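User: Could you take me through this model? I would like to ask about its domains, its chains and some backbone details.

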Number of protein chains: 2
Amino acid sequence: MRLPYLSIDTEKVEANIKKMVSKAVQNSLDFRPHFKTHQSKQIGQLYKEQGVKGITVSSVYMADYFSSHGWKDITIAFPASVSFAPLYNKLLQNCSLTLLLTDSEVAKKLDSKLNSPVSVYIEIDPGYGRSGLAFDDFDAIKELKSTLESCKNLTFEGFYTHCGHTYKCRSKDAVKSLIEPIFASLGNLKQTFGGKICFGDTPSCSILEHFDGIDQISPGNFAFYDWMQYHIGSCNPEEIAVTMHCEVVAKYEQRNEVLIHGGAVHFSKDFILNNDNEPIYGVLVDDCQSNSPSYIKSLSQEHGIVSCSKSTIELISVGDVLEFYPIHSCLTANLMREYVTKTGEVISQFGSGAPYQLY
Amino acid sequence: MRLPYLSIDTEKVEANIKKMVSKAVQNSLDFRPHFKTHQSKQIGQLYKEQGVKGITVSSVYMADYFSSHGWKDITIAFPASVSFAPLYNKLLQNCSLTLLLTDSEVAKKLDSKLNSPVSVYIEIDPGYGRSGLAFDDFDAIKELKSTLESCKNLTFEGFYTHCGHTYKCRSKDAVKSLIEPIFASLGNLKQTFGGKICFGDTPSCSILEHFDGIDQISPGNFAFYDWMQYHIGSCNPEEIAVTMHCEVVAKYEQRNEVLIHGGAVHFSKDFILNNDNEPIYGVLVDDCQSNSPSYIKSLSQEHGIVSCSKSTIELISVGDVLEFYPIHSCLTANLMREYVTKTGEVISQFGSGAPYQLY
């Protein structure tokens with residue numbers, strides 16, 4: 001196997017999907033998982049086998065990839081762009097699309113360029129500060145909704161909201177406290193304007209048991225999880241379904257560090273901070289639940305430096321292949337662009353940043 | 001053109017190469033540029049046209065890519081691994097290889113598995129703390145050198161050193177002060193053990209005028225530069241040869257921010273800190289030299305939030321395509337995997353993290 005590689009435990013992926021499907025069923029939620037995490041037709045198949053029909057993606061290019069692999073009902077969870085109208089029209093020949101909008105002018109221009117009906121969610125910013133109309137900005141929401149109602153091809157479907165600020169939480173209770181008032185505001189929105197509510201970051205969907213007023217969830221990362229999710233409280237380490245495998249190329253016992261072939265072009269530079277406010281770019285699987293887990297303390301393009309406990313470094317030799325939990329599996333998967341199963345099968349994927357000929 | 005895209009100004013690349021070639025000639029240095037930054041056979045051609053014959057890469061896979069595109073003299077600037085012996089042997093059928101070693105045991109094992117002669121640099125850690133033997137650890141250096149001298153296929157060539165800690169400098173003087181004692185130590189090493197000295201981070205190679213005792217330089221990033229290099233003092237903004245082009249998908253005037261389609265899968269999550277200790281993931285070209293340049297303040301997978309000055313945001317409309325200097329062009333290029341020239345030609349590249357069949 002080419003080193004470094006990203007291994008996948010498909011049984012864990014299936015178990016993670018099954019758990020989320022059950023939660024959706026119990027709460028009468030429509031489950032439209034986000035496929036930006038895995039970006040793979042083969043992994044998409046694991047969802048299909050559990051009855052999933054509608055999916056969420058993060059770009060029109062990714063929508064095209066999954067549409068060409070048999071998915072017929074796709075939400076593009078990114079503000080729609082007028083410049084993509086020809087591509088939306090191409091996709092609409094083979095599948096249903098749901099788009100996100102936050103701007104009446106964009107809605108009007110887009111409507112005039114579409115050839116077929118499209119469902120639209122008004123994106124609502126739940127205080128995360130990234131994208132969407134503020135959920136107390138009733139004037140703007142009312143204006144956009146009435147614009148949509150006057151459109152030929154665009155149909156108001158409801159509201160989409162992504163609570164990305166749960167990623168800053170560091171306990172289940174913190175996630176619950178953050179989400180409680182957001183659910184109240186979304187309920188208010190629904191009562192005032194009607195439509196469905198789609199909601200769905202992985203921490204909330206993993207940690208919450210009840211989803212009052214919510215109609216649809218669209219988490220993505222939960223299929224793989226990662227060390228950041230464990231840190232937040234979304235999963236146990238045993239549920240993390242992807243791990244990086246990297247060769248030890250040098251050992252520096254004086255500083256209790258080993259050098260691995262695994263860098264920023266493999267892991268990505270996303271990190272969490274440890275208790276000493278120092279970045280962690282990956283965690284060694286072997287001693288991850290000990291008092292002093294070994295972790296990747298720095299990454300350059302192809303080099304990674306692993307800080308080890310004394311007892312762990314004694315067990316490591318140059319040439320060993322070490323296994324690491326990624327900090328953020330979405331970005332690691334996007335960089336690695338393929339997965340290796342436990343039986344050695346290679347699973348391909350789309351790869352967002354890659355050249356992709358849609359035209 | 002598919003958005004977002006990474007544009008390249010090949011005239012700037014040629015000018016950057018020319019400047020470094022001249023500096024090498026003036027200082028009688030062998031110039032072996034690092035190709036990990038661009039990873040592209042077409043951009044490699046621009047070096048060939050300026051007389052470059054030997055190159056540096058960061059993995060055996062990248063060596064294979066460039067070897068298959070006509071490069072015959074390649075240094076793999078990453079500690080050599082015994083597990084790669086079959087691949088080194090494959091490469092040696094078509095080109096000369098220089099490998100890096102830091103470990104006598106690895107040297108012995110590797111020697112026994114190679115079919116042809118290979119030049120070896122002993123890697124020296126100049127205080128960066130990443131890889132290599134400390135330059136005052138004469139015992140270890142002596143042992144490794146004498147191991148190499150007893151090898152059948154491995155030949156001691158000299159010392160390789162990468163001063164990655166220049167990336168933490170924030171002025172030309174800081175770079176000079178950091179490097180001065182390192183040159184003294186490298187000179188001492190050369191006097192004691194003989195061999196050549198290869199040296200070569202982009203800040204040092206861009207900022208220093210004299211390279212006393214150095215035989216070879218291997219910078220990479222200088223061909224493109226980026227905002228981090230400008231921040232260090234290595235270049236002017238006008239010398240940055242690659243820029244990201246991203247569409248504005250929403251405008252939030254209340255918070256002086258615009259949302260772009262351009263995220264962590266395009267820019268990478270590398271950042272520098274501004275004066276308020278907040279991260280910057282990209283800088284708007286248009287007002288980059290104003291008192292308050294607009295910059296990307298956060299990135300998620302496909303979303304980027306740009307913090308703008310009041311005067312700049314007034315000029316921006318939804319649907320506009322904005323141009324940004326990347327913070328770290330090596331990682332942005334690796335993610336984008338292709339370049340678009342000013343005349344619309346698409347230049348392909350290797351892509352380190354990508355599946356690559358060498359076996």
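Analyst: The answers below go through the structure topic by topic.

Analyst: This is a predicted model, in which local features need pLDDT of at least 70, side-chain atom pairs count only at pLDDT 80 or more, and totals for chains, interfaces and linings use all residues. Residues are numbered from 1 along each chain as its sequence is written, and chains are lettered from A and ligands numbered from 1 in the order in which they are written.

User: Which domains does the assignment give for chain A?

Analyst: Domain 1 covers 10-225 and domain 2 covers 237-348 of chain A; such bounds come from an automatic or database domain assignment. The C-alpha centres of the two domains of chain A are 32 Å apart.

User: And how many residues of domain 1 of chain A are in contact with domain 2 of chain A?

Analyst: On the domain 1 side of chain A there are 15 residues, in contact with eleven residues of domain 2 of chain A. Two residues are in contact if their C-beta atoms, placed from the backbone, lie within 7 Å. Helices α1 (10-26) and α2 (41-48) of chain A each supply at least two residues of that domain 1 side, and α1(A) has the largest share of it, with four residues. Helices (H or I, at least four residues) and strands (E, at least two) are DSSP runs, numbered from the N terminus.

User: What is the class make-up of that domain 1 side?

Analyst: The side of domain 1 of chain A that touches domain 2 of chain A has five nonpolar, eight polar and two charged residues. Here Ala, Val, Leu, Ile, Met, Phe, Trp, Tyr, Cys and Pro count as nonpolar, Asp, Glu, Lys and Arg as charged, and the others, Gly among them, as polar.

User: Changing topic: how many residues of chain A touch chain B?

Analyst: 43 residues of chain A are in contact with 43 residues of chain B. Elements of chain A that each supply at least two residues to this side include β4 (73-79), β12 (257-261) and β17 (303-307), while α12(A) gives the most, with five residues. By class, the chain A side has 17 nonpolar, 17 polar and nine charged residues.

User: Why do the copies meet through the same surface?

Analyst: 100% of the interface residues of chain A are also interface residues in chain B, so the copies meet through the same surface.

User: Back to α12(A). Is it mostly covered or mostly open, and what covers it?

Analyst: Helix α12 (residues 329-336) of chain A is mostly covered, with eight of its eight residues buried. A residue is buried if 20 or more other C-beta atoms lie within 10 Å of its own, exposed if 12 or fewer, and partly exposed in between, with C-beta atoms placed from the backbone. Among the buried residues of α12(A) are Cys330(A), Leu331(A) and Met336(A). The cover includes β1 (5-8), β11 (242-252) and β18 (321-326) of chain A, together with α10 (264-267) of chain B.

User: What comes just after α12(A)?

Analyst: Arg337(A) follows, with a positive phi of about 65 degrees. In chain B, Arg337(B) also has a positive phi of about 65 degrees although it is not a glycine, and Arg337(B) is buried, with 22 other C-beta atoms within 10 Å.

User: Is Asn277(B) buried or exposed?

Analyst: Asn277(B) counts as exposed, with 6 C-beta neighbours inside 10 Å. Asn277(B) has a positive phi of about 65 degrees and sits in the loop between β13 (272-273) and β14 (279-280) of chain B.

User: Which peptide bond of chain A is cis?

Analyst: The bond from Leu3(A) to Pro4(A) is cis, with omega near -10 degrees. Pro4(A) is in the segment before β1 of chain A.
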